[in-house]
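Student: I have a structure open and would like to learn how to read it. Where do we start?

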Amino acid sequence: MALVEIRDLYKAFQRDSQRIDVFTGLSLDVPEGSFTALMGPSGSGKSTLLNLIAGLDKPTSGTVRVAGAEVSAMSPTALAPWRSRHIGFVFQQFNLLPVLTAYQNVELPLLLTRLSKKERDERVRIALGVVGLDDRMRHYPRQLSGGQEQRTAIARAIVADPTLILLDEPTGQLDAKSSQEVLVLLQRLNAEFGKTIVIVTHDAHAADRAKTVLHLEKGVLEAAP
Amino acid sequence: MKYFPLVLANLGRHKRRTFLTIASVALALFLFASLRTVVTTIGLAAQFGSARRLVVTNATGIVFPLPLSYANRLRAVPGIEAVSWANWFGGRYGDGKRFFANFAVDAESYLAMYPEIVLPPEQRAAWLQDKSSAIIGRRLLDVFGWRLGQNVTLQGTIFAGDWTFTILGVYTPSDAVLNDDMLLFHHALLDERIGRAGIAGWYVVEIDHPDHAAAIAKAIDDLFRNSSAPTKTGTEQAFNASFATMWGNVSLLMNTIGMAVVFAILLVTANAMMMSARERTGEVAVLKTIGFTDRRLFGLVMLEAGFITLTGAALGLGGAKLFYKGTNFNAAGFLPGFDVTGGTLAVGAAIALLLMIASGLFPALRAARLPVVEALRRVE
């Protein structure tokens, strides 16, 4: 059964008087436990698709279902708590809060749960351990390298044990070595922990780590050979 | 409570800005409390006075004296049990920078008329015996470092010359509104030195019952209606209230300045909150992506505004209360009993709450309504 089911998706933007159609009837299934890379040129709609799956954006028409819930029909009030339970999101720019330590950044999603302080502490330590940053907990983002920042962001994405991890160009700002570390980590999360991962990337090396690679061009999806 | 570290971290982002904003709020509320306390102290002073005491002044105005011979005629008015009189002396001590009130009073009758002036019996007896002596309020001891038995010389401003008095008594007011910043000396000495002019600044009479006040006041004024110095008689409270009425415009001014200061600080605080919110547009979008609801983000921004304004309020209002209490401030005797009241603290706290809402509401709504995709596009 597919964890993500997208059916007949239409998405259009209005720029001044011009209407831009990004998707015109796109359909997609992402199976549970898969590691899918979405590739394609800039402006092809990769990030838009990720935003639609995460419920950050609304389709013009069509349905987006994630783990059985019709995300496209949910109200903004219902979407926020749903997102906190089901989605782990990683950005290209890391987007850690600069005033918080690595530990506090990773703890953020857990503040939305009913977990006790002790339970939160355990989970944060585990997540930081998984990404290999248990010795950097008290460091602020400015004290971390780009790779370490992105691994912290991944720890933040997995700490609440979400159903689906979405990554938007996670290696876009990293050097080759750090990129490799992040990609190995993602592969581990998929293989060892069974996490379903969808990654948007321009990086062919990143795509190589994925089990499935899809190309998106002018709003049309094609499986890579 | 678990969000408190997040709020604190955000406040610590620009420590200097946060400190200055809190300091602005604190200063504004300190000023507000100070100005309002001027108003409440004047109001309290207007209420001071015994309902059994009437004040008789010259009908033309308080600066015009009354003949000393009126004392016996007043004693003869039915319902009057005691008569005393006083004169504003207006003497200056030293360089005159530290003002204090000084009066020439008919000592024995004045002390009997004002039980609020508490004087040790031996000091009372000593003062009554020595015409060249004076008594002072406790505060003057502290202000000038005077001691009992010391000679103190005042320069007369209304009554020329140097006037030397021996301090033989230190009184303590039993009512905080009564000035503890005064020097009282014998009217007989004043009369003697100005050549037996036989004048009194005003009379104070004690009547048999407060209910008779209006009738007795009328009887007094009728008695002197056709004399060279007609009188105007009223209760002591009305007399004090007339001083307060003279302060009426000052009260309005104080309130207006107080509110203007608070409004100015509202703009400062709101601006600081807006700047802070604008800088964090991307972070708000990230928090929304993580799953923070609009309501929660609204609450977090309001919490920040609350921390700033309520900390400022606690410092400003608490500081005003402690400062005036600690320094026993009385504006050089003009505002005896100067104390920030519970009412003023409550109004200040209410202003702080309004300040919190007014400064936090817009940035909080902005954070709550932020379109997440739009905001992410700007930061990505």
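Student: Which residue stands opposite Tyr10(A) in β4(A)?

Tutor: Ser61(A) stands opposite Tyr10(A). Strands (E, at least two residues) and helices (H or I, at least four) are DSSP runs, numbered from the N terminus. This is a predicted model: local features need pLDDT of at least 70, side-chain atom pairs count only at pLDDT 80 or more, and totals for chains, interfaces and linings use all residues. Residues are numbered from 1 along each chain as its sequence is written, with chains lettered from A and ligands numbered from 1 in the order in which they are written.

Student: How many bridges link β1 and β4 of chain A?

Tutor: Two strands pair if DSSP finds at least two bridges between them. Here β1 (residues 2–15) and β4 (residues 61–66) of chain A pair antiparallel over 5 bridges. They belong to an open antiparallel sheet of 4 strands, in the order β2-β1-β4-β5 (chain A). β2 (18–31) and β5 (69–70) of chain A each have a single partner strand, so one side of each lacks a neighbour in the sheet.

Student: Which residues of helix α2 of chain A are buried?

Tutor: An α-helix has 3.6 residues a turn, so residues three or four places apart point the same way. Buried means 20 or more other C-beta atoms, placed from the backbone, within 10 Å of the residue's own. In α2 (residues 76–86) of chain A, these are Leu79(A), Ala80(A), Arg83(A), Ser84(A) and His86(A).

Student: What do the buried residues of α2(A) pack against?

Tutor: Contact means C-beta atoms, placed from the backbone, within 7 Å. The partners are β4, β6 (87–90) and β7 (164–168) of chain A, together with α11 (281–290) of chain B.

Definitions and conventions: A residue is buried if 20 or more other C-beta atoms lie within 10 Å of its own, exposed if 12 or fewer, and partly exposed in between; C-beta atoms are placed from the backbone. Two residues are in contact if their C-beta atoms, placed from the backbone, lie within 7 Å.
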